[in-house]
Amino acid sequence: GSNVFIRGFIVRNFTNNAVAISPDPAKGKPVVSGIIVYQNDLSSTLNNAVDMTMWQMDHTAIRNVEIVENNLHDSRAGVVVHAGMGDGASNNEVEGIKIISNIINNPGYNIGVFISPASWNGLSNNVIRDVEIRGNHMSNHINTTILIDASNQANCNNNLTENILIADNWLDGQDVTIEVLSESGMYSFGNQLTNIAITGNVISSGGIQFSGATGEGAHDNAISNVLIERNLIHNCSANGIYLTAGTGGAHHNTLKQVTLRSNVVYD
């Protein structure tokens with residue numbers, strides 16, 4: 001359903017996703033929109049606290065979702081947004097996602113926020129746009145705290161991620177706290193991530209890493225229009241700010257139009 005307000009729930013030690021937001025094309029609802037998840041306490045021991053995944057769907061959309069002032073904890077991930085997952089999940093769209101002023105704490109688990117338009121082999125033409133991640137406290141994740149990946153599996157082509165803002169968060173992590181990739185799957189091509197701003201964050205234990213393309217044989221993927229400004233980064237176990245267009249056998253990938261301004265990196 002659309003236009004749903006979820007407030008004041010306590011979900012503890014659930015094995016499925018605590019809150020799942022998804023279209024239902026089989027029932028004639030290819031678009032879901034206008035969802036607010038506000039002031040809930042959510043825990044999922046085996047899955048995600050809040051999950052937006054198009055599983056084996058095509059030509060569907062999720063629009064205008066607000067996740068605000070929740071306590072998301074002890075889950076595999078805090079918030080997951082996948083525009084495509086499962087066989088045939090292409091030509092989907094996610095837009096207008098706000099993740100604001102949450103506490104996201106998953107000790108011993110994976111990721112705080114995970115954004116990817118393509119999270120299954122062979123997916124194409126998925127879009128994620130207009131995502132705001134602001135004012136959150138995220139801690140204790142053993143993987144990347146915030147992961148933005150324009151193509152997360154092999155043979156994924158022509159997926160787009162655009163207009164991403166990561167601002168005014170307090171974050172700690174492992175070697176990498178914020179990671180951005182144009183793809184991380186082998187032989188993927190034509191994936192683009194553009195217009196991403198990382199501003200005003202306080203980051204400890206790990207830094208900001210643009211890994212570009214990391215898959216063997218991946219080519220012609222691009223990251224463009226990047227702003228990294230006014231971040232305080234300290235006590236890093238690896239790099240403070242690390243930028244590369246491609247590694248691991250990827251070739252002909254680009255990272256361009258990058259501005260680093262007024263950051264402080266120490267220890």
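**Salt bridges, sheets and a pocket**

Tutor: A search of the whole structure finds 9 salt bridges, a salt bridge being a side-chain nitrogen of Lys or Arg within 4 Å of a carboxyl oxygen of Asp or Glu. This is a predicted model, in which local features need pLDDT of at least 70 and side-chain atom pairs count only at pLDDT 80 or more, while totals for chains, interfaces and linings use all residues. Residues are numbered from 1 along each chain as its sequence is written, and side-chain values use heavy atoms, with hydrogens and water left out.

Student: Ok, which residue does Arg12 form a salt bridge with?

Tutor: Arg12 forms a salt bridge with Asp41, and the closest N and O atoms are 3.2 Å apart. Arg12 lies in strand β2 (residues 10-14) and Asp41 in strand β5 (residues 41-44), so this pair ties together parts that are 29 residues apart in sequence. Strands here are DSSP runs of E with at least two residues, numbered from the N terminus.

Student: Is Asp41 buried or exposed?

Tutor: Asp41 counts as buried, at 15% relative accessibility; buried means under 20% relative accessible area, exposed means over 50%, and partly exposed lies in between, using a 1.4 Å probe and protein chains only.

Student: And what does Arg63 pair with?

Tutor: Arg63 forms a salt bridge with Glu95, where the closest N and O atoms are 3.1 Å apart. This pair links distant parts of the chain, with Arg63 in strand β7 (residues 61-68) and Glu95 in strand β10 (residues 93-100), 32 residues apart. Arg63 itself is partly exposed, with a relative accessible area of 28%.

Student: Where does Glu93 come in?

Tutor: The side chains of Glu93 and Arg129 meet in a salt bridge at 3.3 Å, N to O. Glu93 is in strand β10 and Arg129 is in strand β13 (residues 127-134), 36 residues apart, and this pair also links distant parts of the chain. Salt bridges that share partners join Arg63, Glu93, Glu95, Arg129 and Glu162 into one network.

Student: Switching to sheets, what is the order of the open sheet of 9 strands?

Tutor: The order is β1-β4-β7-β10-β13-β16-β19-β22-β25, with parallel pairing, where two strands pair if DSSP finds at least two bridges between them. At the edges stand β1 (4-7) and β25 (254-261), each with a single partner strand, so one side of each is left without a neighbour in the sheet.

Student: How many bridges are there between β7 and β10?

Tutor: β7 and β10 pair in the parallel sense over 7 bridges, and the bridge partner of Val68 in β10 is Ile100.

Student: Then what about the sheet of 8 strands?

Tutor: That open sheet runs β3-β6-β9-β12-β15-β18-β21-β24, and the pairing is parallel. Within it, strand β12 (residues 111-116) and strand β15 (residues 146-149) pair over 3 bridges, and Phe114 has Leu147 in β15 as its bridge partner.

Student: Last topic, which residues are closest to the centre of the largest pocket?

Tutor: Of the 17 residues that line the largest pocket, the closest to its centre are Asn48, Asp51, Arg76, Val80 and His82. On a 1 Å grid over the protein atoms alone, a pocket is an open set of points where a 1.4 Å probe fits, with protein on both sides within 12 Å along at least five of seven lines, and lining residues have an atom within 4 Å of a point.

Student: Which strands supply the lining?

Tutor: β6 (48-55), β9 (77-85) and β12 each supply at least two residues of the lining of the largest pocket.

Key
Helix = DSSP H or I, 4+ residues; strand = E, 2+ residues; numbered from the N terminus.
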